[in-house]
Amino acid sequence: RVLPAVMPFVILSGCQPEGFEVTPCSANGLLAFRVHEITGWLRDYQPRPGLILVRAWKKGPAAWSVRVNSLEKRPERKIILYGQHLPGWEVERPPHQLRPGLKYHIYITDGGRSGNADFIADEPLPGC
């Protein structure tokens, strides 16, 4: 008697790309964010942000929000300064002065991946 061949298969539904780490840091005294490389199984990947959003934890509008206009203009970025002018990006909310002692959240996306971190305005940060 011949048994039917059983083919292994992988279910891909529900899979999400892995996220990346974001670290608030200080670049020559300016608030910045280090976008960490994703260490992959076959190769490493430096994220290419498409959206950057900084907002306070308490309710209110974003402190800074920018979005890339097209996918072709998404270079790799390792360091992003708060309020930095990014050529080819749409400013959804210009950078506002952060209130000392207030807790903020940064959220960065990259084509399905995302990274985020919390920080408190005017608290000492490690160097980038």
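This is a predicted model: local features need pLDDT of at least 70, side-chain atom pairs count only at pLDDT 80 or more; totals for chains, interfaces and linings use all residues.
Reader: Let's begin with the overall fold. How many helices and strands does the protein chain have?

Author: Happy to start there. The chain has 0 helices and 8 strands, so reading along the sequence gives the pattern β-β-β-β-β-β-β-β. Among contacts between residues at least 6 apart in sequence, 56% join residues at least 24 apart.

Reader: And how much of the protein chain counts as buried?

Author: Buried means under 20% relative accessible area. By that cut-off, 33% of the 128 residues are buried. The chain exposes about 8800 Å², with carbon and sulfur atoms supplying 55% of it.

Reader: Which residues touch the most other members in the largest nonpolar core?

Author: That core has 26 residues, and Ile52, Val54, Tyr104 and Ile106 touch the most other members. Two or more residues come from each of β2 (30–35), β3 (51–56), β4 (62–68), β7 (103–110) and β8 (113–120). The largest share, 4 residues, belongs to β4.

Reader: Now for charges. Which side chains meet in a salt bridge?

Author: The general idea is that side chains of opposite charge can pair when their charged atoms come close. Here, a search of the whole structure finds 1 salt bridge. Arg67 and Glu92 form it through their side chains, at 2.7 Å from N to O. Arg67 sits in strand β4 and Glu92 in strand β6 (residues 89–93), so the pair ties together parts 25 residues apart in sequence.

Reader: Is Arg67 buried, exposed or partly exposed, and which is Glu92?

Author: Arg67 is partly exposed, at 36% relative accessible area, and Glu92 also counts as partly exposed, at 37%.

Terms used. Residues are numbered from 1 along each chain as its sequence is written. Side-chain values use heavy atoms; hydrogens and water are left out. A nonpolar core is a set of buried Ala, Val, Leu, Ile, Met, Phe, Trp, Tyr and Cys residues joined through side-chain atoms within 4.5 Å. Buried means under 20% relative accessible area, exposed over 50%, partly exposed in between (1.4 Å probe, protein chains only). Contact means heavy atoms within 4.5 Å. Accessible areas come from the Shrake-Rupley method with a 1.4 Å probe; for residues, only the protein chains shown count as cover. A salt bridge is a side-chain nitrogen of Lys or Arg within 4 Å of a carboxyl oxygen of Asp or Glu.
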